[in-house]
There are 2 protein chains.
Amino acid sequence: MEHRPVGVFDSGLGGLTAVRELMQLLPGEDIIYFGDTARVPYGSRSPETILKFARQDMNFLCSFDLKAVVIACGTVSTTSLATLQDEYDLPVIGVVEPTAAMAARQTRSGRIGLIATQASIRSGAYERALHRLDGSIQVTGAACPLFVPLVENGRFRPGDVVIETVAREYLRPMKDAGVDTLMLGCTHYPLLHDVIAGEMGPEVTLISSGYAAALALKTLLAERDDLSGAAQGDTSYFVSDTVDGFEQAASLFLRCDLKGMAQQINIEKY
Amino acid sequence: MEHRPVGVFDSGLGGLTAVRELMQLLPGEDIIYFGDTARVPYGSRSPETILKFARQDMNFLCSFDLKAVVIACGTVSTTSLATLQDEYDLPVIGVVEPTAAMAARQTRSGRIGLIATQASIRSGAYERALHRLDGSIQVTGAACPLFVPLVENGRFRPGDVVIETVAREYLRPMKDAGVDTLMLGCTHYPLLHDVIAGEMGPEVTLISSGYAAALALKTLLAERDDLSGAAQGDTSYFVSDTVDGFEQAASLFLRCDLKGMAQQINIEKY
């Protein structure tokens with residue numbers, strides 16, 4: 001048993017969907033969440049800038065004594081994971097390998113789709129991870145840069161012509177390719193589950209990267225005998241911009257009230 | 001005559017619409033542009049973060065010997081202008097006062113609309129500027145947080161159901177209030193001119209904040225006898241993220257090719 005907390009970070013709010021999965025899969029763990037709300041979004045930035053930001057995020061989290069870190073940010077996972085794993089002396093789990101492994105287990109046709117940010121798609125990281133598992137898998141990827149701002153502005157509900165039009169355009173290559181499994185490579189996308197499922201149809205399985213990463217952490221901690229064993233863990237929330245906007249928007253992702261629970265830190269000091 | 005260049009900054013690309021107006025109104029001036037593309041957008045951030053970023057933007061520009069600075073960022077103009085004017089020893093022109101003055105001259109009904117980012121609307125700066133000119137003016141404001149990502153993803157053309165649906169919702173309070181003049185309080189919005197004009201109808205005058213600020217600079221330089229007098233000025237472009245994405249997207253805003261013309265700087269050093 002190991003009582004040290006687990007760290008989770010994201011460029012902003014989306015990682016809270018991974019926190020939610022962690023709370024359900026690992027209710028006994030203490031969690032420290034950092035959302036880089038002053039510098040969100042990462043997805044449209046250059047690899048150099050993303051790595052610099054990711055190191056600062058890791059440095060902040062590692063100012064706590066942690067047993068593992070989950071990178072709940074698809075962009076950082078695809079562009080910077082190997083570097084961070086080299087540079088930091090604790091297990092660092094990204095979203096790519098767990099999501100790819102789950103998708104490879106799930107697919108029957110061998111045709112898998114990926115929706116993610118521009119930077120994640122460009123990196124080719126999901127494709128490489130899938131091909132390490134099975135070289136015959138066909139991957140169809142599409143960048144969906146408008147999904148994050150649309151979700152954050154509350155436009156994620158079925159019946160909204162704006163999100164449905166954008167989703168139909170973004171998902172067309174997936175439908176044309178006949179994928180039977182679709183990886184949601186951004187932690188904002190679980191909020192679009194119903195819109196995406198409505199567009200893709202019931203025969204396509206959606207894989208949430210936050211859920212896959214949370215399950216990978218559970219497996220890792222169990223293997224190392226590092227589960228906390230507590231009945232109920234605590235979660236602490238830190239952000240780089242003011243807490244007001246965060247606490248309000250966070251309720252969307254976490255489906256619970258965070259009023260008074262988040263603290264602001266200066267990420268550029270790390 | 002005064003040959004020192006003019007500085008212009010914005011949180012990202014939008015300020016290029018103001019640069020375009022400056023080039024047309026003041027073709028002889030040298031211009032130094034800085035776009036904080038590594039930290040865009042500012043509009044959803046807290047006032048403290050916006051002021052910190054704005055000081056760094058000013059510090060970078062003032063590393064050149066300038067005769068004036070135009071803040072082509074609605075968010076910085078509304079939240080931080082007075083502080084920056086106090087702290088820096090050169091004329092600093094924001095977009096608020098020039099836009100408000102132009103709108104007040106234009107309106108016949110005394111009902112003026114404002115569309116801008118969340119931070120600009122919350123600040124109340126446009127309303128205060130209008131009421132200093134005429135206490136009887138009625139101002140109707142609406143935050144349009146999706147306009148910037150939609151423009152940056154190329155969705156600004158009439159006939160696109162996505163931008164038209166979002167614009168119709170955002171502009172409804174303006175139509176209900178019967179405004180005859182609408183201030184575009186964000187330098188991205190000139191790209192939406194046709195969509196907004198189509199929604200508001202021909203009887204409503206649109207005021208571009210970038211044009212108003214460029215005209216205010218021309219007046220200021222003429223009054224101080226500080227116009228350059230050159231036939232043709234140069235423009236230099238600096239950004240805080242890599243130049244690749246910038247040069248591509250910039251052509252949208254500037255309607256000319258910037259290939260090889262932009263330089264990346266580390267804004268956090270300033």
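Q: What covers the buried residues of helix 6 of chain B?
A: In this predicted model, the cover includes helix 3 (74–87), helix 4 (96–106), helix 5 (118–123), strand 5 (111–116), strand 6 (138–143) and strand 7 (181–184), which belong to chain B. Contact here requires C-beta atoms within 7 Å.

Q: Which residues of helix 6 of chain B are called buried?
A: A residue is buried if 20 or more other C-beta atoms lie within 10 Å of its own. In helix 6 (residues 125–133) of chain B, the buried residues are Ala125(B), Tyr126(B), Ala129(B) and Leu130(B).

Q: Why are the buried residues of helix 6 of chain B said to line one face of the helix?
A: Viewed down the helix axis, the directions to their C-beta atoms fall within an arc of 130°, so the buried residues line one face. In general, an α-helix has 3.6 residues a turn, so residues three or four places apart point the same way.

Q: What makes the relation between chain B and chain A that of a two-fold axis?
A: Chain B is superposed on chain A by a rotation of 180° with 0.1 Å of shift along the axis, at an RMSD of 0.0 Å. That is the relation of a two-fold axis. Within chain B, the C-alpha nearest the axis belongs to Val162(B), at 2.5 Å from it.

Q: Why are the copies said to meet through the same surface?
A: Of the interface residues of chain B, 100% are also interface residues in chain A, so the copies meet through the same surface. The contact involves 17 residues of chain B and 17 residues of chain A. On the chain B side, helix 2 (47–61) and helix 8 (161–177) each supply at least two residues, and helix 8 gives the most, with four. That side divides into seven nonpolar, five polar and five charged residues.

Q: What makes Ile71(A) and Ile71(B) stand out in the largest nonpolar core?
A: Of the 181 residues in that core, Ile71(A) and Ile71(B) touch the most other members. Beyond four places in sequence, the contacts of Ile71(A) include Phe9(A), Leu81(A), Val92(A) and Val95(A).

Q: How do you know that the radius of gyration of chain A agrees with that of a compact globule?
A: For 270 residues, the rule gives a radius near 18 Å, and chain A has 18 Å, which agrees. The C-alpha trace of chain A spans about 45 × 40 × 40 Å along its principal axes, and buried residues make up 54% of the 270 residues in chain A.

Definitions and conventions. Residues numbered from 1 in each chain as written. Chains lettered and ligands numbered in written order. Predicted model: local features only at pLDDT ≥ 70, side-chain atom pairs only at ≥ 80, totals over all residues. Contact = placed C-beta atoms within 7 Å. Nonpolar A, V, L, I, M, F, W, Y, C, P; charged D, E, K, R; others polar. Least-squares fit on C-alpha atoms with pLDDT ≥ 70 in both. Core = buried A, V, L, I, M, F, W, Y, C linked by C-beta atoms within 7 Å. Buried ≥ 20, exposed ≤ 12 C-beta atoms within 10 Å, placed from the backbone. Rg over C-alpha atoms; globule rule 2.2 N^0.38 Å.
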